[in-house]
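Biologist: I'm new to reading structures like this one. Could you walk me through a few features, one at a time?

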Amino acid sequence: MYYLWVFLIGGFVCMLGQMLIIYTNITSARILVTFVLIGVALQAFNVFAPISEFAKAGINVPIIGFGASLAKGAMAGAQSKGLIGAFTGGLEATAGGIAAAVIFAFIFALIFKSKTK
Amino acid sequence: MDEKKRNEAYNRYVKAKIPKTKAWPSLFNSFLVGGIICCIGQGVNDLIMLWFPSMAEQTAWAYTLIVLIFIASFLTGIGVYDKIGKFAGGGSIVPITGFSNSITSPALEFKHEGIIYGIFVKMFTIAGPVIVTGVVASFVVGLIYLFI
Amino acid sequence: MKKNQTVKFRNKPRIVGSYSIVGPKEGKGNFAPYFNYVMKDDSFGEDSYEKAEKKMFEHAIVGAIENAHLQPDDVNLLLAGDLLNQIISSSYAARNFNYAYLGLFGACSTMAESLAVGASLIDGGLFDTIVCATGSHFSTAERQFRFPLELGNQRPPTSQWTVTGAGSCVLSNNGYGPRITMATFGRVIDWGINDVNDMGAAMAPAAMDTMLAHFRDTKTTPDDYDLIVTGDLGKLGSEILIDLMEDNGVKLGLNYNDCGQMYYTRNQNMLSGGSGCGCSATVLNSYIIDKLRKGELKRVLFMPTGALMSTTATQQGESIPGICHAVVIECDEENVDKYYKKVSTSTAYKTTKGNRKKGE
């Protein structure tokens with residue numbers, strides 16, 4: 001039954017993004033930046049984990065999850081390795097996602113063409 | 001200044017003149033599509049956990065995101081994602097799939113300028129800020145964490 | 001007292017030939033029956049949209065010369081401009097023609113700018129035959145001014161759709177066709193609009209300024225024209241213009257309209273309407289000139305507007321300056337039939353779409 005929660009929370013987060021678009025007229029790059037920052041903040045104040053506990057994909061799939069894992073990585077890195085961990089931790093934790101986005105973008109850019117509307 | 005006042009008055013007038021569209025339909029669409037994308041993510045995660053029960057939760061999430069990124073990138077390539085985006089707005093921008101779309105779409109768009117100057121250089125024109133803010137903010141958090 | 005901005009032409013140069021070429025979407029719009037050529041696919045057989053835009057230009061220029069029953073060697077000068085950086089579409093297209101060339105940039109007002117400059121040069125007896133051409137392409141404009149095509153974002157209700165199309169016409173003192181009688185050169189007007197998705201509002205004050213200057217200089221009123229047409233203010237922009245004119249004591253009636261607003265059908269759902277150089281250029285070179293030739297329109301005030309902005313300036317927080325040039329085109333009533341009599345004997349001119357296969 002947790003799928004209902006995933007749907008409701010995920011949908012709600014996305015709806016917040018849409019509200020930002022409608023009421024403040026900002027572009028998608030700014031929305032992504034805003035939500036990444038929200039994710040970093042949630043993690044920094046240790047509230048991401050309890051939300052993630054029952055929201056699962058509802059909070060991990062939105063870009064908030066990406067921001068949270070960046071912050072989580074940096075925090076864990078700082079704890080285990082000290083200063084260098086604060087540098088490396090964030091990207092280490094999210095390297096998979098960034099690399100995947102780059103690799104697939106490259107492959108599909110070679111295969112497909114952008115279509116006119 | 002006279003001109004400044006005129007400009008302000010004109011801006012106010014234009015703002016009032018802009019047709020108001022109903023917000024609810026688009027909010028509902030974004031809710032629906034965003035929720036569905038998250039459910040797909042949850043489904044993928046559950047399947048991974050089902051097939052590889054020994055996998056650490058964090059690794060499973062990483063795979064889940066990679067699968068979603070792959071799907072979004074592919075849908076962008078075949079020209080479907082922007083149609084979803086037109087319908088869903090924030091519903092398809094906020095999930096990680098929107099991040100993938102914002103990397104794949106400029107890569108496709110600037111293909112004609114060559115692989116290095118087109119695809120490589122332009123790939124992060126939209127998503128670059130996301131990575132920069134993420135890295136800087138997480139570093140700051142890590143640094144603060146170091147001292148407390 | 002403001003300086004005079006209007007030129008009255010003594011010799012009244014004629015528009016002796018015109019040609020319009022549009023993309024598939026525009027070919028389903030309200031002006032569909034009037035276009036000379038509708039592309040099946042807007043890449044026009046080229047591998048990039050910039051090249052397609054350039055090819056549209058070549059196509060339009062050749063078409064207009066053919067339409068005027070002239071030989072390619074008869075042309076003295078080419079006046080052209082477009083929206084892309086360094087106006088590459090027109091300049092690169094001009095490589096293929098053996099004419100003197102002046103590149104113009106007036107953003108979406110380029111059609112009127114080229115007509116006004118061309119008519120002045122002909123009226124002064126400096127040149128015999130001048131070709132004016134402008135155009136725009138949705139996909140090239142989108143990438144330069146907005147986002148990649150495949151990015152999944154929504155367009156705000158005030159945004160406009162850049163028309164894929166190019167229009168070209170031949171000006172000359174000889175031959176038959178509607179005459180350019182007056183031109184008002186506009187000033188750059190900026191009333192502090194920052195929103196790049198609301199070009200209509202940014203350009204409307206410029207249209208108002210030029211319109212007021214025109215009526216003042218020529219001592220005419222809106223009722224003196226069968227049609228007053230702005231370029232691409234869109235639905236919102238043209239409503240603003242009507243309000244602004246009313247504030248200045250000029251009432252625009254049913255003879256006023258806007259190309260961008262009229263361009264697409266309701267079902268195409270183009271929000272605030274069409275925009276781009278191609279918007280006013282294709283409407284002028286199809287519908288308006290057609291009606292002027294037949295005598296169904298007698299006197300038209302054609303005044304496309306342009307937003308002279310760049311993405312760099314916008315990102316640095318600059319507001320959007322607008323410009324508007326106005327040209328008065330009148331039907332040559334004594335010779336209404338002559339043009340069509342001449343055409344009926346020629347095979348070159350065909351209004352039905354798709355008859356012309358190649359640009360060359």
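Modeller: A residue is buried if 20 or more other C-beta atoms lie within 10 Å of its own, exposed if 12 or fewer, and partly exposed in between, with the C-beta atoms placed from the backbone. Helices (H or I, at least four residues) and strands (E, at least two) are DSSP runs, numbered from the N terminus. One thing to keep in mind: this is a predicted model, where local features need pLDDT of at least 70, side-chain atom pairs count only at pLDDT 80 or more, and totals for chains, interfaces and linings use all residues. Residues are numbered from 1 along each chain as its sequence is written, while chains are lettered from A and ligands numbered from 1 in the order in which they are written.

Biologist: How many residues of helix α4 of chain C are buried?

Modeller: Helix α4 (residues 138-145) of chain C has 6 of its 8 residues buried, so call it mostly covered. Among them are C:Phe138, C:Glu142 and C:Arg143.

Biologist: What covers the buried residues of α4(C)?

Modeller: For this we use contacts: two residues are in contact if their C-beta atoms, placed from the backbone, lie within 7 Å. The cover of α4(C) includes α6 of chain B, along with α1 (49-67), β6 (129-136) and β7 (161-162) of chain C.

Biologist: Is A:Cys14 buried or exposed?

Modeller: A:Cys14 counts as buried because 34 other C-beta atoms lie within 10 Å. You'll find A:Cys14 in helix α1 (residues 2-24) of chain A. Leaving out residues up to four places away in sequence, A:Cys14 touches A:Pro62 and several residues of chain B, including B:Phe31 and B:Val94.

Biologist: How do I read two helices packed together?

Modeller: Two packed helices are described by the angle between their axes and the distance between the axes. Axes are lines fitted to C-alpha atoms, for helices over the stretch in contact, and angles run from 0 to 180 degrees between N-to-C directions. Here, helix α3 (residues 57-77) and helix α6 (residues 96-109) of chain B have axes that come within 8 Å and cross at roughly 40°. That makes α3(B) oblique to α6(B); angles under 35 degrees count as roughly parallel, over 145 as roughly antiparallel, 65 to 115 as roughly perpendicular and the rest as oblique.

Biologist: Which residues meet there?

Modeller: Among them, B:Leu65 and B:Ile69 in α3(B), and B:Ile96 and B:Leu108 in α6(B). The residues of this contact divide into 7 nonpolar, 8 polar and no charged. Ala, Val, Leu, Ile, Met, Phe, Trp, Tyr, Cys and Pro count as nonpolar, Asp, Glu, Lys and Arg as charged, and the others, Gly among them, as polar.

Biologist: And what about phi?

Modeller: Most residues other than glycine have a negative phi, and most peptide bonds are trans. C:Ile87 has a positive phi of about 30° although it is not a glycine. This residue, C:Ile87, lies in the loop between β4 (77-82) and α2 (88-94) of chain C.
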